[in-house]
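Work through these exercises with the predicted model open. Try each task before reading its solution.

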Amino acid sequence: EANQIGGPWAEAHLLNSLSGDFILPIRNADTTPEGTRYLVTDVAAHGTVMDRIDATIGVPEEQAVSWVREACNGLARVHRHGLLHRDVKPENLFLTESGKCLVGDLSLAGAQNASGCVHAGGTLETMAPEVGAIALPGYGGGHEVYSVRSEVFSLGATLYWMLTGTPPVSGTSYADAASATPVDVWELAPHVTRGTRDITMKALCRDPAERFPDPAALRASPCGC
């Protein structure tokens, strides 16, 4: 893919340039004899957000909101460098000893084109519908459709997953992401406050124009907790 960050050393250089709060530090990068690239990061001894999600009850609302706000800060830094993470999900949000959330694993990161987009990609469970749409029969558009608002959808999907214990998108293919319509947070987690429910569902709007324009706007929205 023409606008994907190329090679482990390029990624290492990229992550070093992003060094700061809310980004998982990287120490080295290399390629195995078989050609598989890998990164050496700080040891994530305290796991990821995914490790903390109970499939029945998720995580406490206040904690979920705090982690997503910290992820918003990390992604805002990524975006200021003209990049998109392209794989925001609970497994790629790492926790420190103090419980702070760090954005990590930029192996799918891409440089934004003149329109602010990158090639479609990501993980199904947090994939925006416009990204999955490239797999629909008869699709005639380009594949550089992943935008900052697609990243906002993935943030909302991550928050939804934490609040409900269930990802908002299910299936086995991009086409499933294109047609997914997440049920309301309140149907699965009626205890969640209105403010948190509203920002989650806004981030998950099918129409990108109806979502928050960027992670900073999502972070600034008042939650209910």
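**Exercise 1.** Find the salt-bridge partner of Asp198 and state how exposed Asp198 is.

*Solution.* Start with the partner: Asp198 forms a salt bridge with Arg197. Their closest N and O atoms are 2.7 Å apart. That is within 4 Å, so the pair qualifies. Next, the surface: Asp198 has a relative accessible area of 31%, so Asp198 is partly exposed.

**Exercise 2.** Which residues are joined with Lys89 into one salt-bridge network?

*Solution.* Shared partners link Asp87, Lys89 and Glu91. Take the pair Lys89 and Glu91: the closest N and O atoms lie 3.8 Å apart. Now compare with the cut-offs. Lys89 has 14% relative accessibility and counts as buried, because buried means under 20%. Glu91, at 44%, is partly exposed. In total, the model has five salt bridges.

**Exercise 3.** Locate the two ends of the salt bridge between Glu130 and Arg211.

*Solution.* The closest N and O atoms of Glu130 and Arg211 are 2.7 Å apart. Glu130 sits in helix 4, and Arg211 in the loop between helix 8 and helix 9, so the pair ties together parts 81 residues apart in sequence. Check burial: Glu130 is buried at 17% relative accessible area. Arg211 is buried too, at 2%.

**Exercise 4.** Is Glu70 buried or exposed, and which side chain of opposite charge is nearest?

*Solution.* Find Glu70 in helix 3. Glu70 is buried. The nearest side chain of opposite charge is Lys100, 6.8 Å away. A salt bridge needs atoms within 4 Å, so Glu70 has none.

Technical notes: Residues are numbered from 1 along each chain as its sequence is written. This is a predicted model: local features need pLDDT of at least 70, side-chain atom pairs count only at pLDDT 80 or more; totals for chains, interfaces and linings use all residues. Side-chain values use heavy atoms; hydrogens and water are left out. Helices (H or I, at least four residues) and strands (E, at least two) are DSSP runs, numbered from the N terminus. Buried means under 20% relative accessible area, exposed over 50%, partly exposed in between (1.4 Å probe, protein chains only). Lys and Arg count as positive and Asp and Glu as negative; His and the chain ends are not counted.
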